[in-house]
Amino acid sequence: MFWGIIKAFVKGILRSRLSVAGAVMASVILPVLAVFTILDVQGIVRNPYFNFINYVVLGPLFIVGLIMLVVGLLVGKGDEDLGAFTYEYLKEQFSKPGRFTRVRRLLFLITVLTFATIIVVGLVSYTGLRYTDSTSFCGQFCHQVMEPEYVTYRNSPHSQVPCVACHFGEGSWSPGTKLSGIRQIFAVAFNTYSRPIPSPISHLRPTRKSCEQCHLPEKFHGDKLYVKDRYLDDEHNTHVQTVMLMKVGSGGGYRGAQAHGIHWHVATENKVYYRAVDAQRNVISEIRLRKQDGSEVVYAAGGGKFAGVGTLRLMDCTDCHNRPTHVFLSPAEALDRKMFEGEIPLSLPYVKKVGLEAVTKEYASVDEARVGIGRYLRAWYAKNYPELMERRTSLINRAAEGIFHAYSENVFPAMNVGWSTYQSFLGHHDGGGCFRCHDGKHLTQDGTAITNDCNACHIVLAENEPSPDVVRLLRGSE
Ligand code: HEC
Ligand code: HEC
Ligand code: HEC
Ligand code: HEC
Ligand code: HEC
């Protein structure tokens, strides 16, 4: 009878220690797993550690329990009772009239159990995979390790784009990425990860599949005006602006448009390959421009004596936009931004200068920086503006807080990330960025260089000028 089958089943389990252990494990974990999964799916608990325990620890343990149970049943001794599940047994049951219902019940029980298992395992695996793809898992679970990337990401235009959209590809589960994820979890657990996390990372998604899901350089066009607000380090923290007409251009190809300007590099008809000597891709030995008709132009450094040195790479978005979301600012940029947003009061004399001094000192930790920056500011104003220090202490404290934020959003001592750890390729600071190729020193055989003309990429309309003519003209204020 029905109970007979259950009894046989239970007996079968009891005979093997492995099965017993598996059954205990699975039945203890199941209710917890069910409750946790409901709490997560319903959005009642939002905590990366909670999800980690549920999907990465409990889920797999539950499945291991089930596997132990089945393996124990199959290899356990005592063939007699195990016979309850064999073909011979079933044949006997079918051949005896009246026994048929017992078999039906048996099949029914097995079907129900199988479905229940499939549903639980399926739900846990699905939500588990989705969880390990989530920004919360990537950015917050390994809190300290990912803090620099997570904080800068939160402050960037891409703060709502999931990490996996650029890094692995959402939902496209591949054993490789999950395995590398597991390796990284071990690196965190055993404290063997590198500080800072090295860049570049070789396994970014191809940009056709990431950036180009949202941005299509084919459809960019023409020039764009860029205005940068800055403050000088004089007594009045004078507000100045740099204005540039950027030749953003287009990737071409859309309705016959010609590729031109800056995004010419990513047009489908041009393939710009280059070889970098170092891992950071700062020193480029040669550039190969492959045109649609198959012809190739080679620009080489040092008269071609480094030909073939370094690995060949096809230029894509991240060879210029290597910091689209993990944007680490320079000390001056970080302070300018806080001043522009009003976090650092402009009325405080020399606040830019003092801020720069305070923020570029070495601090062992973020807490030390907070204390150190405040102390430095108060000491400086007490010495140079004693009256101000007495009357406007709260203003100075507010400035210290803003300056500290400029620090804490860009410097992460625990990960050894300082002001210049991660450099951007967008521009030409210190001869890097665009000037890795556009330096006039990479030449073809007949001596032609990649353009170094100051007006090839932009027209600088004003450089660090207080109230530039062009801005006044555009605003119509005179
Ligand atoms: C808009 C695309 C994009 C998003 C979204 C994104 N990243 Fe990145 N990430 C990049 C690029 C590009 C690099 C730099 C690659 C290089 O220099 O080779 C990078 C580099 C990194 C690095 C290596 C260290 C470094 O700063 O160069 C880590 C770690 C990282 N990202 C983690 C994350 C995490 C965690 C998230 C989500 C919180 C995230 N990323 C979201 C594009 C993205
Ligand atoms: C899921 C969509 C999405 C993806 C994927 C994406 N972006 Fe963006 N990106 C945006 C949006 C939306 C903005 C505009 C945000 C704003 O103006 O606040 C933006 C802004 C930008 C900007 C202008 C930044 C600025 O400071 O104004 C650049 C450059 C950029 N993205 C490059 C990239 C690159 C390079 C990648 C691939 C590594 C990428 N994006 C991937 C949606 C995306
Ligand atoms: C040769 C370097 C280079 C390459 C390659 C490149 N960009 Fe750009 N991109 C720039 C520069 C320079 C700007 C101007 C913005 C600036 O200076 O901050 C820009 C601007 C942009 C902007 C803002 C445009 C606007 O109209 O506001 C987006 C979005 C963008 N790029 C996306 C991409 C994507 C996506 C790719 C890859 C398909 C790509 N870029 C490839 C250099 C490049
Ligand atoms: C890996 C090398 C490399 C890097 C890095 C690079 N370029 Fe270029 N760029 C080239 C080559 C090659 C050409 C084609 C030269 C020619 O045809 O004379 C070119 C051409 C251009 C042109 C002229 C396009 C046209 O209309 O014909 C512009 C504008 C330009 N680059 C802007 C930039 C900017 C801005 C950056 C940095 C953000 C940059 N490039 C970084 C290799 C590079
Ligand atoms: C290959 C393209 C290219 C060439 C050639 C080039 N620039 Fe630039 N320049 C850029 C880009 C890209 C930026 C960065 C824009 C940004 O920060 O968003 C920039 C930024 C600047 C800035 C503003 C810097 C700042 O942030 O204050 C100045 C000034 C400037 N360039 C001057 C020059 C001069 C002078 C030359 C000639 C020697 C030159 N550039 C040649 C691409 C180029």
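Predicted model: local features only at pLDDT ≥ 70, side-chain atom pairs only at ≥ 80, totals over all residues.
The domain bounds used in this briefing come from an automatic or database domain assignment. On those bounds, domain 2 (136–193) and domain 3 (224–324 + 425–475) both give residues to the shell around ligand 1, so ligand 1 lies between them.

- Ligand 1 is surrounded by 25 residues, of which Cys163, Cys166, His167, Ser199 and His326 are the closest.
- Three helices, namely helix H7 (135–141), helix H8 (143–154) and helix H9 (163–167), each supply at least two residues of the shell around ligand 1, and H8 gives the most to this shell, with four residues.
- By residue class, the shell around ligand 1 divides into 14 nonpolar, nine polar and two charged residues.
- Arg323 makes a contact through its side chain, where an N or O atom is 2.7 Å from an oxygen atom of ligand 1.

**Ligand 2 and its iron atom**

- The residues around ligand 2 are Pro157, His158, Val161, Ser210, Cys211, Cys214, His215 and His321, and they divide into four nonpolar, four polar and no charged.
- The iron atom of ligand 2 has His158 (NE2) and His215 (NE2) as its protein donors, which lie 1.9 to 2.0 Å from it.
- This pair links distant parts of the chain, since His158 is in the loop between H8 and H9 while His215 is in the loop between helix H10 (175–189) and strand E1 (224–231), 57 residues apart.
- The arrangement around the iron atom of ligand 2 is octahedral because its six donor atoms subtend angles of 87 to 180°, given that six donors count as octahedral if opposite donors are over 155 degrees apart and all others between 65 and 115.
- Both histidines also come within reach of ligand nitrogen atoms, with a polar side-chain atom of His158 lying 2.7 Å from a nitrogen atom of ligand 2 and a polar side-chain atom of His215 lying 2.8 Å from a nitrogen atom of ligand 2.
- His158 counts as partly exposed at 25% relative accessibility, and His215 counts as partly exposed at 41%.

**Ligand 4 and its iron atom**

- Ligand 4 has 17 residues around it, and those that come nearest are Trp264, His265, Cys434, Cys437 and His438.
- The shell around ligand 4 divides into 12 nonpolar, four polar and one charged residue.
- His265 (NE2) and His438 (NE2) coordinate the iron atom of ligand 4 at 2.0 Å, and the site is octahedral, with angles of 87 to 179° among its six donor atoms.
- Here too the pair links distant parts of the chain: His265 is in the loop between strand E2 (239–246) and strand E3 (271–276), whereas His438 is in the loop between H15 and E7, 173 residues apart.
- A polar side-chain atom of His265 lies 2.8 Å from a nitrogen atom of ligand 4, as does a polar side-chain atom of His438, while a polar backbone atom of Gly261 is 3.2 Å from an oxygen atom of the ligand.
- His438 counts as buried, because its relative accessibility is 14% and buried means under 20%.

**Ligand 5 and its iron atom**

- The iron atom of ligand 5 is coordinated at 1.9 to 2.0 Å by His428 (NE2) and His458 (NE2), and its site is octahedral, with angles of 84 to 180° among six donor atoms.
- The two histidines connect distant parts of the chain, with His428 in the loop between helix H15 (393–408) and strand E7 (458–465) and His458 in strand E7, 30 residues apart.
- His428 is partly exposed, with a relative accessible area of 38%, whereas His458 is buried, with a relative accessible area of 14%.

**Leu443 in the loop between H15 and E7**

- Leu443 is found in the loop between H15 and E7 and is partly exposed, with a relative accessible area of 34%.
- The C-alpha atoms of Leu443 and Val298 are separated by 7.8 Å, although the two residues are 145 residues apart along the chain.

Conventions. Residues numbered from 1 in each chain as written. Chains lettered and ligands numbered in written order. Heavy atoms only, no water. Donors = N, O, S within 2.8 Å, 3.2 Å for Na, K, Ca; no water. Tetrahedral: all angles 85-135°; square planar, octahedral: opposite > 155°, others 65-115°. Buried < 20%, exposed > 50% of the residue type's maximum accessible area, 1.4 Å probe, protein only. Near = heavy atom within 4 Å. Polar contact = N/O pair within 3.5 Å; in protein donor to acceptor, adjacent residues only side chain to side chain. Nonpolar A, V, L, I, M, F, W, Y, C, P; charged D, E, K, R; others polar.
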